[in-house]
Amino acid sequence: MEHATQPPGPAITIEGLSVAFRMPTGTLTALDGLSGSVAPGELVAVIGPNGCGKSTLLRAIAGLLAPRAGRIGLGPEASPPQAGDGRTGLVFQQPRLLGWRSALDNVALPLELRGTPRAERHQAAERALAQVGLADDSAGALRPRELSGGMQQRVALARSLVTDPPVLLLDEPFSALDALTRDAFDVQLEALWLARRRTVVLVTHSVGEAIGLADRIWVMTPRPGRVAADIRVPLGRPRPSGLTGDPGMAAVEAEVRQALAAVHAPELEGWAEPGREAAA
Amino acid sequence: MTILRRLAFIALSAFAFLAAWKVIVLIGGYPEYILPAPDVVALRAVEAIRNGTLQPHLVATLEESVIGFAVGALVAVAAGILLAKSLTAERVLSPYLVAAQAIPILALAPLIDIWFGGGLTARVVICALIVFFPIAIATMVGIRSTDPLLVEMARAYGARPGQITRLLELPSALPVLFGGLRVGVTLAVIGAVVAEWAGASIGLGVLINIADQGLFDTPLMFVALASLAVLGLTFYGLVLVAERLLIPR
Amino acid sequence: MSTRALPVAIALMLTVAACTPTASMSPTASPELSPSPTPAGELRQVRLLLGFRPDVQFAPFYLAQQDGYYADAGLEVTIEHAGGGELIRLVADGQAEFGVADATDVMIARTSGIPVTYVSSLFQSFPVALIGLPGSVPTDPAELAGMTIGTPGRFGSSWHALLALLDAGGLTEDDVTIREYPQFNQVEGFLAGDVELITGFRNNEPIRLAAEGPDYATNLLTIDEVAPLPGPGVVVGDELLAGDRSLVEAFASATAAAQAAVVLEPAAGLAAAAMAVPTLWEDMDTARSVLLATIDLWEGDGALPMGAIDPDLWESGFAIMRGLGFIDGSVAPDEMYWPAIRLD
């Protein structure tokens, strides 16, 4: 198991982060005073229903958004993130590949944007594709529309790895895929991460996925978001997919669900009370 | 369809068209000076080429339309990018562009010809003006329709505005842009003729006038018209080829 | 997919080609040729095509139509306008009974086999001349070398006259610079200073230019002494001429009578023109001057009655046109005209 040489100190520091958007109807505060930190090589899952601001949090860490208040720091020197500085790689829910380019050229894009010469960036792209199991030449030459949804997402993942970033940010990366592929990819993702330990922040709305992958789970409050609960997942690795039956897992799951219910009661409440119909 | 079958199909429908034309002339009993039959026009074309009448006019119109298209298209793409990116630019400029487009250039062409002192420059300007609008609009629409999800992805990996235009917006706009180029390139031929009608001494538009009003040679006029059609078709075909090459499928 | 569109494109373009510019492709059956006089009280409907646009110079036709000259001849005349090439074709094909065209155009058309015949002269003096500022206009055609000349285009009597003038001075079009104004707006080029001389009708352009101001008084170089050509006149299609000669004669006489009336009383001609030419009212003074100058040209030197055709003038004009290469001489001059106004 190879560890990326991790410097001492947290990989990600977030202090009192507030992010707001100006909308035609007024100001929308997505995050308000969110704080937390992620240790180097840790995998943190951020969970909560839609609208709680978890995607916004990810984009803030990626350097795509400027905070209204508070700060984010990357690395031991805790410097603010800059989009494209190569310290983070972002994977979206959709592959977001350029349809007119080959898979290889898509993967090489981040290096191209930084001015890396062609030969060098193609080599890096080949290595990144190998990491996601697409080392075969023919896949690299194909256009996105010639690839299945799962393969496209693997290409997107390779793209996020091509600059060898210390921090990987995943925004529900597999939620657009079918459940079976998703489970398989979760296993592969864990293996990938175990082979070379980057710091990972994974946004998800699946409790199972969070428990299957994360060292810690942050449960978010509704908007404006902050971390309501920071739950450790003390289970061993690698975690077989499913994990059902493991009593440790049931305990963590119960804890997570309870935390979710506590903050998201109105949205996650049941639709019908069992027994009422019968009584009436 | 294979290439061979496609060519056969084209040849067959062209032949059918010419046959129908001949039949119309026969049935209607049209004299040659009103509606010449296709074989008469063909013979006249051979004669015109043999004694060198057609070539200088053909080359002149070719020159005007190619340069006019190039100039008009370049300016139009630049304008389209500007209009796509700047809401202010669009708000300020669109009314003038649309109004200018609505004014028939045929009416303005003589004035433009005088302003630019006649000559090739004036004709290129007139041709470029005719070509401008559809290409500019196509560029604007194409760039505006860039997938914002892709733009966000590119920004996440550090793309600067110039890179976004070059690597993202322009390639993704190519299909729509080429739609505008197809229209523009056929308008370039019309533009060259309109420009010639404003005051040129050589060109297919001039040949039409000479044949029609000077020589009363209707077959020759049809030769000029057919030459314009061939020119337009050739340009259109070239744009299709360019489209195949530049837009990876 | 896209190449399937190609034959459609070919078809469309050639269809458009087939529809330009000779108007009304519908094959009208030859006009009913009734050699006998129309029944009493019933007027024969005929179509007269005058040039590009309404003009005070067409006053005789307007007067004849409005004051009953045509009606007295048993004709109900509808006046329309058409450009030179279209006009000759429509008259030849019988889609219009009468038209006004340049004699030199008739020479070219007949040589090309278009069945149109010149039947009466409108002008006894050739109207086209070279016009310019005093001091710019040479008296000797040879001095035209190196000058810039504006003209509508390489067609029509202006072009023929210009080349005839140059030829008389031993020059060709390569010895001068020609600027073309296909919209017939060579006056604008002249005012803009782009050309030194323009071709025009000497009863028209010089007067309009003079109206622009005293700076635009002009001199003329005329062709009458240098290269005599016959001027514009009435044309008819061969089929009508063969089938109903008396109709042609009736029209020509009525027109000549109206022309004489305008000469006697220009105000009447002016009034008739004002009804037909929408913009006349804007400058009645200029219109009157143009009409008076036009009357001079109609009368010429007075040797022939109005409307009469001068065979000698046609012979000399024919020789000039042949010498310039506009016609090959395969059709003789006397096959090109038929005098509807007798000289006896």
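**A helix pair in chain C, and its surroundings**

Guide: In this predicted model, helix α10 (residues 245-264) of chain C packs against helix α12 (residues 284-299) of chain C at an angle of about 130 degrees, and their axes are 10 Å apart. An angle of 65 to 115 degrees would count as roughly perpendicular and one over 145 as roughly antiparallel, and α10(C) and α12(C) are therefore oblique to each other. The crossing in which α10(C) passes α12(C) is left-handed. On the side of α10(C), the contact is made by C:Gln259, C:Val262 and C:Val263, and on the side of α12(C) by C:Ile295, C:Trp298 and C:Glu299. By class, the residues of this contact divide into 4 nonpolar, 1 polar and 1 charged.

From the helix pair we can turn to chain A, whose secondary structure comes to 9 helices and 9 strands. Of its 280 residues, 39% count as buried, and among the contacts in chain A with a separation of 6 or more, 71% are between residues 24 or more positions apart.

Strand β7 (residues 199-204) of chain A shows burial at the level of one element: 6 of its 6 residues are buried, so the strand is largely enclosed by the rest of the structure. In a regular strand the side chains alternate between the two faces of the sheet. In β7(A), A:Thr199, A:Val201 and A:Val203 point one way, while A:Val200, A:Leu202 and A:Thr204 point the other way, and all are buried. Two strands pair with β7(A). Strand β3 (residues 43-47) of chain A runs parallel to β7(A) and is joined to it by 5 bridges, with A:Thr204 as the bridge partner of A:Ile47. Strand β6 (residues 167-171) of chain A is likewise parallel to β7(A) and joined to it by 5 bridges, and here A:Asp171 has A:Val203 as its bridge partner.

The backbone of the model also has some points that deserve a separate look. Most residues other than glycine have a negative phi, and most peptide bonds are trans. A:Glu172, in the loop between β6 and α6 (179-195) of chain A, has a positive phi of about 45 degrees although it is not a glycine. With 20 other C-beta atoms within 10 Å, A:Glu172 is buried.

Within chain B, B:Phe216 is found in the loop between α9 (204-214) and α10. B:Phe216 has a positive phi of about 50 degrees although it is not a glycine, and it is buried, with 26 other C-beta atoms within 10 Å. B:Ala242, by contrast, lies in helix α10 (residues 218-246) of chain B and is partly exposed, with 13 other C-beta atoms within 10 Å. The C-alpha atom of B:Ala242 is separated by 9.0 Å from that of B:Phe178, a residue 64 residues apart from it along the chain.

Note on methods. Residues are numbered from 1 along each chain as its sequence is written. Chains are lettered from A and ligands numbered from 1 in the order in which they are written. This is a predicted model: local features need pLDDT of at least 70, side-chain atom pairs count only at pLDDT 80 or more; totals for chains, interfaces and linings use all residues. Helices (H or I, at least four residues) and strands (E, at least two) are DSSP runs, numbered from the N terminus. A residue is buried if 20 or more other C-beta atoms lie within 10 Å of its own, exposed if 12 or fewer, and partly exposed in between; C-beta atoms are placed from the backbone. Two residues are in contact if their C-beta atoms, placed from the backbone, lie within 7 Å. Axes are lines fitted to C-alpha atoms, for helices over the stretch in contact, and angles run from 0 to 180 degrees between N-to-C directions. Angles under 35 degrees count as roughly parallel, over 145 as roughly antiparallel, 65 to 115 as roughly perpendicular and the rest as oblique. A crossing is left-handed if the near helix is turned anticlockwise from the far one by less than a right angle, and right-handed if clockwise. Ala, Val, Leu, Ile, Met, Phe, Trp, Tyr, Cys and Pro count as nonpolar, Asp, Glu, Lys and Arg as charged, and the others, Gly among them, as polar. Two strands pair if DSSP finds at least two bridges between them.
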